[in-house]
Amino acid sequence: MRMKVLLGVASFALLAGSGSSQIALDPNNKFSVEWNARLGSDWPYLARYRAANAALAPNPKHPRIVFMGDSITDNWASMWPEFFTNDRVGRGIGGQTTPQMLARFRADVIDLHPAVVQIMAGTNDIAGNTGPMMPEETQGNIRSMVELAHANGIRVILASIPPADLFPWKPGLETGSKIVAMNVWLKAYAARAGCVYADYWSALKGNALGIREGLSSDHVHPTRAGYEVMAPVAERAIKQALALPAPRKTAVD
């Protein structure tokens, strides 16, 4: 389990002060080598799920739920695969920011024709993994993903950013209050846009603004115990989302 986390966002350091999306290249670190190799060839990493998407068959017994996100979603699918049954589909990619998710939203969400998509994003925007970002830019990308989903008749769960009092790959960055501020916006926007808000932050929070003791391996990434705390929040959000009428599809095929 620890190795999987180390291949997530916490395994690299951004080039100090460069404002670049390049990361410090460590030839012994699989994640950093692959991240840098993709910068000029497959920036949103469309290849990651291309074969899996093509092979995905509909399950008429269960509505499809797609989980779009970064390493927290990616690790969830790998650490707890039994949660991703009954046509629940994990589409997280470690290290990704909202512009990268937006670029792959059609391939990894819309074209899978889900009833519901959960979007969990923002941790790596705060970290600046693809360069410095203003909160308004993150919010604009999330709004675009929601609008794309609704235009294609897909219900949306907006997930809070889980608590983190530090990012190991970005030492010295103040994280807690930035996460709180983004979650305040996410909750309010979800209400305005007709989305369900999944409050993982409150479920996971410990003292101050960090994740509760024992629920994370590195202050950011949940352990299996952390995902066990998150699961009931997800189940409630899915049930609530499926009870909503599907948005009226306006996109043209």
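1. Helix α2 packs against α5 (98-103) through its buried residues. This is a predicted model. The residues concerned in α2 (residues 30-38) are Phe-31, Ser-32, Trp-35, Asn-36 and Arg-38. They cover an arc of only 165° around the axis, so they sit on the same side of α2. Lys-30 and Ala-37, on the other side of α2, are exposed. An α-helix has 3.6 residues a turn, so residues three or four places apart point the same way.

2. Now the chain as a whole. It has eleven helices and five strands. Of its 253 residues, 53% are buried. The accessible surface comes to about 11200 Å². Carbon and sulfur atoms hold 57% of that surface. Among contacts with a separation of 6 or more, 72% join residues 24 or more positions apart.

3. Check the confidence before reading details. The average pLDDT of the chain is 90, and 90% of the residues score at least 70. Residues 1-20 have a pLDDT below 50. That stretch still has 50 contacts in the model beyond near neighbours in sequence.

4. Look next at the aromatic rings. The structure holds eleven aromatic pairs. One of them is Trp-76 with Phe-84: the ring centres are 6.0 Å apart and the planes stand at 90°, so this pair is edge-to-face. Both residues, Trp-76 and Phe-84, are buried. Trp-76 also pairs with Tyr-200, with centres 6.0 Å apart and planes at 90°, so this pair too is edge-to-face. The pair of Trp-76 and Tyr-200 links distant parts of the chain. Trp-76 lies in helix α4 (residues 71-79) and Tyr-200 in helix α10 (residues 200-204), 124 residues apart. Trp-76 counts as buried because its relative accessibility is 0%. Tyr-200 has 0% relative accessibility, so Tyr-200 counts as buried.

5. These rings belong to one aromatic cluster. Its members are Phe-67, Trp-76, Trp-80, Phe-83, Phe-84, Tyr-200 and Tyr-227. Arg-88 lies over the face of Phe-83, at 4.7 Å from the ring centre.

6. Last, a loop residue. Leu-166 is in the loop between β4 (155-159) and α9 (176-193). Its relative accessibility is 33%, so Leu-166 counts as partly exposed. Which residues does Leu-166 contact, leaving aside its neighbours within four places in sequence? They are Thr-175, Asp-218, His-219 and Val-220. Leu-166 and Val-220 are 54 residues apart in sequence, yet their C-alpha atoms are 7.5 Å apart in space.

Notes. Residues numbered from 1 in each chain as written. Predicted model: local features only at pLDDT ≥ 70, side-chain atom pairs only at ≥ 80, totals over all residues. Heavy atoms only, no water. Helix = DSSP H or I, 4+ residues; strand = E, 2+ residues; numbered from the N terminus. Buried < 20%, exposed > 50% of the residue type's maximum accessible area, 1.4 Å probe, protein only. Contact = heavy atoms within 4.5 Å. Areas by Shrake-Rupley, 256 points an atom, 1.4 Å probe, with all protein chains shown as cover. pLDDT = per-residue confidence, 0-100. Arc of directions from axis to C-beta. Phe/Tyr/Trp six-rings, centres within 6.5 Å; stacked < 30°, edge-to-face > 60°. Lys NZ or Arg CZ within 6 Å of the ring centre and 35° of its normal.
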